[in-house]
Amino acid sequence: MKKSTTLISVLLVAYTIYMVWLNGLFPYINDDFFYQYIVMYNLDRPIESIKDIFHSQYLHYYNINGRSIIHAVEQFVLWLSPDKQLFNLLNAIVWSMLLYSIVIFAIPRDKRTWIYWLFAIVYLRFLSPECSYLPFWASGSFNYYWIMLA
């Protein structure tokens, strides 16, 4: 059991490092730029404070959609991470937590061998929808993956 636990820990750490590396290969794209600005101001007012995020989400809620909580988190992280480094690390941690949650909830305790963890890693990384870019696109990751942990 100790050997299996060690191997699983090594798999999780290796997966997290792998995801940090992969995230670093992708720049901000699409909506990631949109959410670095106050919504509804045509990209001419960048987020510069927490107050701007609240104002932006007020406008967002009444004019676009009601995903204000996750979009506020997204705007906060994008504001703190203009170079994407913080996002890369947080996103890799979220992906590892998602992987952990899938295995813990889907596989009975006595069956959780390293092979199930490896299968979950392969599934999550290569078989999830739009796996070629969605996990590394900040807006996509927030809206479709981070929210799974809520």
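I began with the surface of this predicted model, and I noted an accessible surface of about 9,000 Å² for the protein, of which 68% belongs to carbon and sulfur atoms.

I then asked which residues form a nonpolar patch on the surface. I found L7, W114, I115, Y116, L118, F119, V122, Y123, F126 and L127 in the patch, and together they have about 960 Å² of accessible area. When I looked up which helix gives the most to the patch, I found that helix α6, which covers residues 114–127, contributes nine residues.

I picked out F119 from this group, and I wrote down that F119 lies in helix α6.

Next I turned to the protein as a whole, where I counted seven helices and zero strands, so that, read from the N terminus on, the elements run α-α-α-α-α-α-α. I noted that the C-alpha atoms fill a box of roughly 55 × 25 × 25 Å when it is taken along the principal axes.

I also looked up how much of the protein is buried, and I recorded that buried residues make up 39% of its 150 residues. For contacts between residues at least 6 apart in sequence, I noted that 65% join residues at least 24 apart.

My last entry concerns charge: I found 10 positive and 9 negative side chains in the protein, and I noted that the centres of the two sets lie 17 Å apart.

Note on methods. Residues numbered from 1 in each chain as written. Predicted model: local features only at pLDDT ≥ 70, side-chain atom pairs only at ≥ 80, totals over all residues. Heavy atoms only, no water. Helix = DSSP H or I, 4+ residues; strand = E, 2+ residues; numbered from the N terminus. Buried < 20%, exposed > 50% of the residue type's maximum accessible area, 1.4 Å probe, protein only. Contact = heavy atoms within 4.5 Å. Areas by Shrake-Rupley, 256 points an atom, 1.4 Å probe, with all protein chains shown as cover. Lys, Arg positive; Asp, Glu negative; His and termini not counted. Charge placed at Lys NZ, Arg CZ, Asp CG, Glu CD. Patch = residues over 30% accessible without salt bridge, like charges linked within 9 Å, V, L, I, M, F, W, Y side chains within 5 Å. Salt bridge = Lys/Arg side-chain N within 4 Å of Asp/Glu carboxyl O.
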